[in-house]
Amino acid sequence: MCLAVPVEVIELLEHDQALVDIGGVRSRVSLAFVDDVEVGDYVIVHVGHAITRLDVEEAERTLELFREITDHLAAENNALRQ
Amino acid sequence: MRYVSEFRDGRTGRGLAELIRRRADPERKYHLMEFCGGHTHAVFRHGLPDLLPENVELVHGPGCPVCVLAISRLDQAIELATENDVILASYGDMLRVPGSRRRSLLKARSQGADIRIIQSTAEAVELARAHPEREVVLFAIGFETTTPPTALAIREAAALGLKNFSVLCNHVLTPSAIQSILDSPDVRELGRVRVDGFIGPSHVSTIIGSRPYEFFAEEYQKPVVISGFEPLDVLAGIAMLIDQLNEGRAEVENQFVRGVSRAGNVKAQKLVAETFELRPEFEWRGLGNVPYSGLRIKTEFAEYDAERRFRVTEKPVRENKACECPAIIRGVKKPTDCKIFGTVCTPRNPIGSCMVSSEGACAAYYRYRHRRAG
Ligand code: SF4
């Protein structure tokens, strides 16, 4: 029940609500805890409420770092094998 | 799903696992506690123990809201639903948890109690609005991630002037539980549990930030890395903990920079602080009474507090003798140490909360381990 998922905001609705896309399913969530959300933003949703914004730039940076580590290790392993 | 599947990439996962193998000093052992049951499930679902070197061991912590709820508190909810003729609104996970005398919310419901499963606290408020002639009680459980929506429900009920809505509040606090583990005889004197560092739950920290852990990282000299719930996040968090331990550091680090800040979600914190206050102590299953570890509703909102509205009583209960949940919650035992794991106790016929909950350690072992082994 502590599960929370990143979702994209599709449409802003009245009363601090938004329509989001959860794995292809449209669903209504509350934005009461996150200010200034815009369409196209990503938020992390838990039991029907956005609990934080997902910083897309940071997400990409983390992925880039993971890729660098993996590529670096793979290159090293190849070098060792030769 | 965007920003989910990328963090499950197999090749990168093997890369991070290799990084861990290279960094882990073969001369020492690393006992890392993943506090949260969500992490426990991610760990098994993605087969992470098989990727880790033998000297890196994950210890499962008490971060499962369903598992740590004292049976006496569940009994209260059952009593409310059966004896007070209320509509009890509950998250689905609670329904099959065995209370005392083999009762459960599910059984109570089959015997006529009006118990509704909700996905969001807003649905409980809506129930109260739709049924002005009935009392609606929200059975609220969970850690810091789940608390703000409960606070919001109380405030909405107040704004709507609802007179038939109340909350049975069982919200608990993560840092207090971690501190209680570090202070426990199992860790301090008996040495039954060894914890060198903590993998902190990112979802809790989206709300409370990373700051609340700074105190005990320093005080107890244990590193904490706040990590996301996808497998690559968990592996990266483990690598960061190993680095800290190798370098003799005990700091709070944040792996989940994409959603967690040091200060957390100030708006949600403010709402929680205005609606709830600390209980001097609160009973946890497995951990016993933990000081300042639970929340209750402030006097200002007393009319929304089911404990005051219905004079629910707290009766002592006896734990099922065969069930090892309390020891599992403390990290002292593993599900496979339970004699009836996978035989008498299965997800279809759960004897203890650790097998019921989607975050319980027994359920994780059963779903992802047992079957593979069997
Ligand atoms: S397997 Fe069942 S009975 Fe045993 S500890 Fe887990 S939940 Fe309790």
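Which helix axes come within 8 Å and cross at roughly 25°? They belong to helix α7 (residues 121–130) of chain B and helix α8 (residues 147–160) of chain B.

## Ground rules

This is a predicted model, where local features need pLDDT of at least 70 and side-chain atom pairs count only at pLDDT 80 or more, while totals for chains, interfaces and linings use all residues. Residues are numbered from 1 along each chain as its sequence is written, chains are lettered from A and ligands numbered from 1 in the order in which they are written, and side-chain values use heavy atoms, with hydrogens and water left out.

## The α7/α8 pair in chain B

With that angle, α7(B) and α8(B) are roughly parallel to each other (the label covers angles under 35 degrees; over 145 is roughly antiparallel, 65 to 115 roughly perpendicular and the rest oblique). Angles run from 0 to 180 degrees between N-to-C directions, and axes are lines fitted to C-alpha atoms, for helices over the stretch in contact. Helices (H or I, at least four residues) and strands (E, at least two) are DSSP runs, numbered from the N terminus.

On the α7(B) side, the contact uses T121(B), V125(B) and R129(B). From α8(B) come P149(B), T150(B), A153(B), E156(B) and L160(B), with contact meaning heavy atoms within 4.5 Å. Sorted by class, that gives four nonpolar, two polar and two charged residues (nonpolar is Ala, Val, Leu, Ile, Met, Phe, Trp, Tyr, Cys and Pro; charged is Asp, Glu, Lys and Arg; polar is the others, Gly among them).

## The chain B sheet

Chain B has an open sheet of five strands in the order β2-β1-β7-β8-β9, with parallel pairing. Its edge strands are β2 (56–63) and β9 (252–254) of chain B, each pairing on one side only. Neighbouring strands are turned by 25° against each other on average, direction ignored. To count as paired, two strands need at least two DSSP bridges between them.

Take β7 (residues 197–201) of chain B: five of its five residues are buried (buried is under 20% relative accessible area, exposed over 50%, partly exposed in between, with a 1.4 Å probe and protein chains only). G197(B), I199(B) and P201(B) sit on one side, F198(B) and G200(B) on the other, and both faces are covered. Three parallel bridges link β7(B) to strand β1 (residues 30–36) of chain B, and four parallel ones link β7(B) to strand β8 (residues 224–227) of chain B. F198(B) is the bridge partner of M33(B) and also has V224(B) as its partner in β8(B). L32(B) is partnered by G197(B).

Helix α2 (residues 37–45) of chain B lies across β1, β2, β7 and β8 of chain B, at about 120° to β1(B). Helix α13 (residues 231–246) of chain B lies across β1, β2, β7, β8 and β9 of chain B, at about 165° to β8(B).

## A hairpin in chain A

Strand β4 (residues 42–46) of chain A and β5(A) run antiparallel, joined by four bridges. One bridge pairs V43(A) with R53(A). The two strands make a hairpin with two residues between them, and V47(A) in the turn has a positive phi of about 30°. Four of the five residues of β5 (residues 49–53) of chain A are buried, so this strand is largely enclosed by the rest of the structure.

## Positive phi elsewhere

D16(A) is not a glycine, yet has a positive phi of about 60°. D16(A) is in the loop between β1 (5–13) and β2 (17–22) of chain A, and counts as partly exposed at 44% relative accessibility.

Y3(B), also not a glycine, has a positive phi of about 65°. Y3(B) is found in the segment before α1 (10–23) of chain B, and is buried, with a relative accessible area of 3%.
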